[in-house]
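Here are my notes on this one, written as I went through it. Have it open on your screen while you read.

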Amino acid sequence: MVSHVIPKTYAEALTVLKAGNHRVIAGGTDMMVRHRAWAGLPPLFDKPVLFAFTLSELKYVKEDEQVICIGAMTDLETLLHHERTPALLRQVIAIMASPAIRYVSTLAGNIVNASPAADSLLALYALDAQVVLESTSGKRILSIEKTIVGPGKTVLHDDEMVAEIRIPKTRFTHTMFRKVGGRRADAITKIGFVGCATVNEGIIRDLRLVFNAVAPVVVREKSVEALHVGHSVKNVLSDTDTLMHHYSEHIKPIDDQRSNQHYRKEAALRLARHFLDTLA
Amino acid sequence: MPTINFTLNGKPVSLNTDPTRRFLDVLREELTLTGPKEGCGEGECGACAVLIDGHITNSCILPLGNVSGREVMTIEGYRETKRYRVLEEAYIAEGAVQCGICIPGMIIASESLLAHNPHPTDDDIRIGLSGNLCRCTGYNMIVRAVKRAATRGKGLW
């Protein structure tokens, strides 16, 4: 019988995963709720569980000249206070859930959970994060966009786990993060937005607009962004309707208990428009 | 089943049970520590809060397997400390306790906050307690109690 495993080392974890029979749990803040049974009963998992959160080898924040590397089991509260954490990511983490949740939740867990409403994903998409997946056969390094393919769906193989998140160091002249939620803490987002830009002598050199909770996956349209790079802020602001029209095609929210399609779309586009106004 | 070892209120514990069990259930049913309460059961209300390596954690969504090798303190262990005495006096003096069900979690959240930030502002306190709900809505008194404890417990945190 295959049983639950609490590996002592990362190597042991990868060896256990090789057979493809285990479900990896990090902090468990999503998985324990999704699979919960009645109080007093263990949750109902579809596979035996591999507990990865106590693997100290995967708790680190390192950097070289270009990239910040975050070990998969680094908790969000550590990242919130770490000097190497990119400012934008720190800003997003600060309003995520509550301290009790942040002490046990991880970026890796957010990525594999692949919620279209995940706050941290806004920053990871905006910062061009890469995800290092590892199995006993080796490593694969994928962009965050290529890692997540649908709500709750990733390209992870059954024998792989997230080893590390890599974030290129990038400077922007303008950044904005807004989360619309029911309250200031412990709220799942109705709609979230991150805008990043670099403007030099009135010309847009870099533009990144990212939306969550508006489509099956986080929305970032690099082709639309590219249309505006190299143009003057003045030109872009003189015709924001065209830009909004482009995003309108990709922002297709749903009605649920937190918000509705109409509000989400309107709020998303207004936040983007507001960000563009700040570039002037 | 893997054997799970951890420290609970300063004493070593070794358990042979399903590691996917919610730590709250293990505490209340197996170890008969009923200080941590079940409120929402999904990590939103903080009634089940315990300290893991000194940090506040919701035990209702914490699998037992994640406690392996760590130091756990529940309200039962915490009440034997000097810091608890200061918080107790402050909560009573400020009238911060109404029905009481959220209070074990509020005390744990207060400790976790003060241990990392001994001189919190009102905003720091509200952020530190943001994962703990009080259905009697006595938040202002609780915030004042934490502030009073921070002042009176000088040097303890």
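Which residues in H4(A) meet which residues in H7(A)?

1. Leu88(A), Leu89(A), Val92(A) and Ile93(A) are the ones on the H4(A) side, and they meet Asp119(A), Ser120(A), Leu122(A), Ala123(A) and Ala126(A) of H7(A). Contact here is when C-beta atoms, placed from the backbone, lie within 7 Å. Sorted by class, this contact has seven nonpolar residues, one polar and one charged (Ala, Val, Leu, Ile, Met, Phe, Trp, Tyr, Cys and Pro count as nonpolar, Asp, Glu, Lys and Arg as charged, the others, Gly among them, as polar).

2. A word on provenance: this is a predicted model, where local features need pLDDT of at least 70, side-chain atom pairs count only at pLDDT 80 or more, and totals for chains, interfaces and linings use all residues. Residues are numbered from 1 along each chain as its sequence is written, with chains lettered from A and ligands numbered from 1 in the order written.

3. Back to the helix pair: the axes of H4 (87–94) and H7 (119–126) of chain A come within 8 Å and cross at roughly 170°. That makes H4(A) roughly antiparallel to H7(A) (angles over 145 degrees, on a scale from 0 to 180 between N-to-C directions).

4. Over in chain B, the domain assignment, automatic or from a database, gives domain 1 (4–76) and domain 2 (81–152). Their centres, taken over C-alpha atoms, are 21 Å apart.

5. As for how these chain B domains touch, 14 residues of domain 1 are in contact with 13 of domain 2. On the domain 1 side, strands E3 (49–52) and E4 (55–58) of chain B each give two or more residues (strands are DSSP runs of E, at least two residues; helices are runs of H or I, at least four). E3(B) supplies the largest share, three residues.

How values were computed
Angles under 35 degrees count as roughly parallel, over 145 as roughly antiparallel, 65 to 115 as roughly perpendicular and the rest as oblique. Two residues are in contact if their C-beta atoms, placed from the backbone, lie within 7 Å.
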